[in-house]
Amino acid sequence: MSSVNLVVMVVGLLVLAQQSFQMSLTNPVAETNNCKIDFTRLGLVLTSDTNEKALQDSGLFTPDAETPYVDIAGRRFHIGTLNARYIVYVKIGGNSVNAAIAVQILLNRFRVHGIIHFGSAGSLDKTSIVPGDVSVPLAVAFTGAWDWKKFGSTEGKLIFGEFNYPVNGENLLASIDYDTIKLFSVGQSPQDVFWFPSTTSWYSAATQVLQDLELSQCYDEVCLPSKPKIVFGTKGSSSDSYIKNKAYGDFLHKAFNVSTADQESAAVAWTSLSNEKPFIVIRGASNVAGEASSGSQISYLASYNAFLAAAKIIESIPTPRLACE
């Protein structure tokens, strides 16, 4: 082989390598040539081991025979079908940072049509939502971004002095206001938002398909005192704080008319909206803020009932056939 031909061959290989590297950056699954990965699916996002157990116990999920999962950045993305619908699901773990990162990886590495998010939550309004019930909120807010005021300020939505015990008065913690979040999306200037509304068409469909859904009332010989129900038209609070304090839960309910509190929903909604993907949130009430723990069986029922609702919604959303079928 002449030196000229050798140089041409080396240059050609370098060009191909560069193109392959660029492709792996823009769409890392493209290099696998695996049609079952590189295909439009629904993304199912859950939060905990209990949520995943509920999914697996249902028997509705069938892993793909050839590529049942892909591990990316320490997270496992499970590939398969649920009620004959193509999905990929990921367990995101607690708090907003983990939620946002996991959803963004899901949207970057898979062709996902939209996000269905289910998990557990604490009830802030036990007159309408009790453990075992399922809430499908119209919108969720991130209530963890605070503008903490200095002592002596006359401003603030949450005034700590009003919660002094046994009597109200001055408090060195002063007060806080709740900040909006910057929402970035393609082709638009950043917007300051507080509420993240579920996708209208998906929410409307959910109110129809979930009307007659039968939820579970018993698990492991423990039963709920009343038949669980699905509650529509609520709002949810989401932050990195796990709300066990009754006074703060009551404040959130009164100030923002929210019925549930969790740690991930707003981040899932925020990331979906930023990527212009439809989404819906489903939360099973596992406890009531300020009250004793409901126990592991009730917590499982909350997860299982939320999953049943998520599965029914997934079943109602048509997905295209595989491009290589």
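Two strands count as paired if DSSP finds at least two bridges between them. With that in hand, let's explore this predicted model through two exercises.

**Exercise 1. In what order do the 3 strands of the open sheet lie, and which strands are at the edges?**

Solution.
- Step 1: Start with the order, which is 9-11-10, with antiparallel pairing.
- Step 2: Look for strands that pair on one side only; these are strand 9 (146-148) and strand 10 (158-159), the edge strands.
- Step 3: Now follow one pairing in detail. Strand 9 joins strand 11 (residues 175-178) in the antiparallel sense, over 3 bridges. Along the way, tryptophan 148 faces isoleucine 176 of strand 11, standing opposite it.
- Step 4: Finally, see what packs on this sheet. Helix 5 (residues 246-256) does, and it touches strand 9, strand 10 and strand 11. Between the directions of helix 5 and strand 11 the angle is about 45 degrees.

**Exercise 2. Why is strand 1 (residues 41-46) described as largely enclosed by the rest of the structure?**

Solution.
- Step 1: Recall the cut-off: a residue is buried when its relative accessible area is under 20%.
- Step 2: Apply it to strand 1. Here 6 of the 6 residues are buried, so the strand is largely enclosed by the rest of the structure.
- Step 3: Next, find its partners. Strand 1 pairs with strand 6 (residues 112-123) in the parallel sense, over 6 bridges, and with strand 5 (residues 85-91), also in the parallel sense, over 5 bridges.
- Step 4: Pick out a residue pair for each partner. Arginine 41 stands opposite valine 112 in strand 6, while valine 45 has valine 90 of strand 5 opposite it.

Conventions. Residues are numbered from 1 along each chain as its sequence is written. This is a predicted model: local features need pLDDT of at least 70, side-chain atom pairs count only at pLDDT 80 or more; totals for chains, interfaces and linings use all residues. Side-chain values use heavy atoms; hydrogens and water are left out. Helices (H or I, at least four residues) and strands (E, at least two) are DSSP runs, numbered from the N terminus. Contact means heavy atoms within 4.5 Å. Axes are lines fitted to C-alpha atoms, for helices over the stretch in contact, and angles run from 0 to 180 degrees between N-to-C directions. Buried means under 20% relative accessible area, exposed over 50%, partly exposed in between (1.4 Å probe, protein chains only).
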